Amino acid sequence: MARFAFSATLLSVAIWATAASAVTVDCDAGQSLSKSLATLNKLTPATVTVKGTCTEYVLIDGFNNLTLNAVQGATLQQPSTNPQGNQYVLSIRASRSLTVSGLAVHSLPSIFSAIGVGGGSNDILLQSVSTDGSWGVVVYEGSQVWLKKVTVNITSGYGAVSAFDNSDVHIVDSLLERPTDSNFYAGLFVGSGNVNMQGTTIRDMQQSINISGSGSVGVGNFDPTAAGIDVFIENPSGTNYNGAIVTDSSSLNISSAKLHISNAGQSYGYDTGAVLVTNGSTLNAGASLIVTSSQGQGVIVSNGSHAELAGSSITGGVHGGLVVVNLSTAGVDSSTPLTVIGANGTDLFCDSKSQIAGVINISNAKVVQCNNLLTGNYVSLP
């Protein structure tokens, strides 16, 4: 009988704990999201429903299996003062299996970024989240994050989505954009991190994708539940300098989804344009890079870098289509259809110390300024 009573007590406690893990926070009624989170057991699964406008800084630190669901219209607003020197309006640290859904986060120019995910957090999902203000979403300290249906409207700072410190980020069905102002922005800023993208649009950024510090970006069809597949870099305002910069031993890898880049670069040319691969970096494009109507160059490969094309298309540019300079190389493998590089100011260009191989696999190249062209992939081998 005593054992039964003890078991019944444990069951009662378990049921109570489960019920207590479902919390509703109504900030319009004077409640605080931060104070409500402080009452939860961080190691027990919990669901928090957020209503109204919460004007506060929120730190989610060391939580496991937490779901933060925002009722339509729920907002996290940065306060006008920051006495604790917070870097993020919403900061997620050292947490795992955490979902934030439907929340709008508004930041001011006085803070580093709207959302930060760090401290080795993993299995973090930001879904149907929107941010505006400074930067957007920053992932750092080896954290792992999925962004699904996320909208970032950056109005100050630099990067709409950033990945640092060997962090891993997947971006699906999202929109990264900026207002019409004189500031200088990047849609995606990757330094020593890895980002994979699908079904996403980056619009009107001066540097749509900036990859440095041995970082990597992949464009592919990796999420079968996604609404979209291809990635689009659009520049209707004409303020863009580069669709993608790949620098400092970094890589851009385009595989099972296409990367469309239109109207990139500036009319003066130089190294502005759709894709700049430089300083020992690589572009692996295959048949999945579609460059149209560049105001600058199409693809420029420089400073000991390499690009692989096989079935891509680079057309209608004001300056060069494929430009290879400063001890760099480009290879064009056989494909069906062939790689199309045509209707550019100069279709193929290389300097005396650089080389383009596989020109037999290029169609439509009529204006050529390159003395180091190989018909196949290699010179005659022994």
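How many salt bridges does a search of the whole structure find? Five. Before I walk you through some of them, please keep in mind that this is a predicted model.

Let's start with Arg93 and Glu141, whose side chains meet in a salt bridge at 3.0 Å, N to O. Arg93 sits in strand β7, residues 88-93, while Glu141 is in the loop between β13 (137-139) and β14 (144-148), so this pair ties together parts that are 48 residues apart in sequence. Both ends are partly exposed: Arg93 has 28% relative accessibility, and Glu141 has 38%.

Now to Arg203. Its side chain meets that of Glu177 in a salt bridge of 3.8 Å, N to O. That pair links distant parts of the chain, with Arg203 in strand β21 (residues 201-203) and Glu177 in strand β18 (residues 175-177), 26 residues apart. Arg203 also forms a salt bridge with Glu234, this time at 3.0 Å. Here the partner comes from strand β24, residues 231-234, and the two are 31 residues apart. Put together, Glu177, Arg203 and Glu234 are linked in a network of salt bridges.

For contrast, let's go inside. Ser113 lies in strand β10, residues 113-118, and it counts as buried because its relative accessibility is 0%. Its side chain reaches the backbone oxygen of Ile115 at 3.5 Å. Leaving aside residues up to four places away in sequence, Ser113 touches a set of neighbours including Tyr88, Val89, Trp135 and Val137.

Tyr270 is in the loop between β27 (259-262) and β28 (273-277), and at 65% relative accessibility it counts as exposed.

Last stop: the backbone, for those of you who enjoy checking torsions. Ser249 has a positive phi of about 60 degrees without being a glycine; you'll find Ser249 in the loop between β25 (242-246) and β26 (251-254), partly exposed at 47%. Asn326 is another non-glycine with a positive phi, near 60 degrees. Asn326 belongs to the loop between β34 (320-324) and β35, and is partly exposed at 40%. Finally, a cis peptide bond joins Thr336 and Pro337, with omega about 0 degrees, and Pro337 is in the loop between β35 (329-332) and β36 (339-342).

Thanks, everyone, and I'm happy to take questions.

Terms used
Residues numbered from 1 in each chain as written. Predicted model: local features only at pLDDT ≥ 70, side-chain atom pairs only at ≥ 80, totals over all residues. Heavy atoms only, no water. Helix = DSSP H or I, 4+ residues; strand = E, 2+ residues; numbered from the N terminus. Buried < 20%, exposed > 50% of the residue type's maximum accessible area, 1.4 Å probe, protein only. Polar contact = N/O pair within 3.5 Å; in protein donor to acceptor, adjacent residues only side chain to side chain. Contact = heavy atoms within 4.5 Å. Salt bridge = Lys/Arg side-chain N within 4 Å of Asp/Glu carboxyl O.
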